[in-house]
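Colleague: I would like to go through this model with you. Please show it, and I will ask as we go.

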Amino acid sequence: MSTGNEIERESEVPIFSALLTPHRSLNRTGFLAVMLFLSVVSFATGIVFLMMGAWPVFGFFGLDVLVIWWAFKVNFRAARATEEIVVTPSELRVRRVSHRGDVAEWVFNPLWVRLDQDVDEEYGLEHLYLISRGRCLSIGGFLGPEEKTSFAKALVQALNAARRGPTYNPIT
């Protein structure tokens, strides 16, 4: 015999859950290797210019290494952003965490939400939008076209499963 709370908890089991993060092809080890290489090349080239008497160039070679280091740090900081999408039979929840840690959350009824796609002939799938009751929310902005296509298919299947409702299985 089950109580109403157990049935409610069973129906809230996620049908679909995805955590989207920006792709970064360079890891920490690669970053250190690139910075070491740039530092050695800049230092060696700067020494050559210093020996030729063009001493201000040496400082500029150090400055360009600092600017490249700063650009990589900004890029790594931006990679902390996430987007979590969870579909249950009663709601579709989108939770965004920015690279600064700011959290924004939207909740939709899966019966009323639809997934809209913006497709370019040359590029492929450019944008995904959740539309419900006049509200439009862009999702998966940092995914590539192939990843967006795969994600859209999985999300549509999850929304269709949520629209069908929870299935009753008398055996379990």
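Colleague: In what order do the four strands of the open sheet run, and is the pairing parallel or antiparallel?
Modeller: This is a predicted model, so local features need pLDDT of at least 70, side-chain atom pairs count only at pLDDT 80 or more, and totals for chains, interfaces and linings use all residues. Residues are numbered from 1 along each chain as its sequence is written, and side-chain values use heavy atoms, with hydrogens and water left out. Strands (E, at least two residues) and helices (H or I, at least four) are DSSP runs, numbered from the N terminus, and two strands pair if DSSP finds at least two bridges between them. The order is 1-2-3-4, and the pairing is antiparallel.

Colleague: Which are the edge strands of this sheet?
Modeller: An edge strand here pairs on one side only. That holds for strand 1 (16-20) and strand 4 (103-108).

Colleague: By how much are neighbouring strands of this sheet turned against each other on average?
Modeller: Axes are lines fitted to C-alpha atoms, for helices over the stretch in contact, and angles run from 0 to 180 degrees between N-to-C directions. For this average the direction is ignored. The value is 10°.

Colleague: Which residue is the bridge partner of Ile 85 in strand 3?
Modeller: Strand 2 (residues 82-87) and strand 3 (residues 92-97) run antiparallel, joined by six bridges. In strand 3, Ile 85 has as its partner Val 94.

Colleague: Why does Arg 93 count as partly exposed?
Modeller: Buried means under 20% relative accessible area, exposed over 50%, and partly exposed in between (1.4 Å probe, protein chains only). Arg 93 counts as partly exposed because its relative accessibility is 27%.

Colleague: What is the order of the strands in the three-stranded open sheet?
Modeller: Its pairing is antiparallel. The edge strands are strand 5 (114-120) and strand 7 (135-139). The twist averages 30° from one strand to the next. The order is 5-6-7.

Colleague: Which strands does helix 4 touch?
Modeller: Contact means heavy atoms within 4.5 Å. Helix 4 (residues 145-164) packs on the sheet, and its direction makes about 30° with that of strand 6. The strands touched are strand 5, strand 6 and strand 7.

Colleague: Is Lys 148 buried or exposed?
Modeller: Lys 148 is found in helix 4. Not counting residues up to four places away in sequence, Lys 148 touches Leu 125, Glu 126, His 127, Leu 128, Gly 140, Gly 141 and Leu 143. With a relative accessible area of 5%, Lys 148 is buried.

Colleague: Which residue takes a positive phi in the hairpin of strand 6 and strand 7?
Modeller: Strand 6 and strand 7 pair in the antiparallel sense over five bridges. Ile 131 stands opposite Cys 136 in strand 7. Two residues lie between the strands in the hairpin, and the positive phi, near 50°, belongs to Arg 133.

Colleague: Which residues does Ser 132 touch, not counting those up to four places away in sequence?
Modeller: Ser 132 is in strand 6 (residues 124-132). At 8% relative accessibility, this serine counts as buried. Its contacts are Phe 108, Trp 112 and Val 113.

Colleague: What is the area of the nonpolar surface patch made by Phe 60, Leu 63, Leu 66 and Val 67?
Modeller: Patches are made of residues with over 30% relative accessible area and no salt bridge: like charges are joined within 9 Å, nonpolar side chains (Val, Leu, Ile, Met, Phe, Trp, Tyr) within 5 Å. Accessible areas come from the Shrake-Rupley method with a 1.4 Å probe, and for residues only the protein chains shown count as cover. Leu 66 lies in helix 3 (residues 55-78) and counts as exposed at 54% relative accessibility. The patch area is about 410 Å².

Notes:
Salt bridge = Lys/Arg side-chain N within 4 Å of Asp/Glu carboxyl O.
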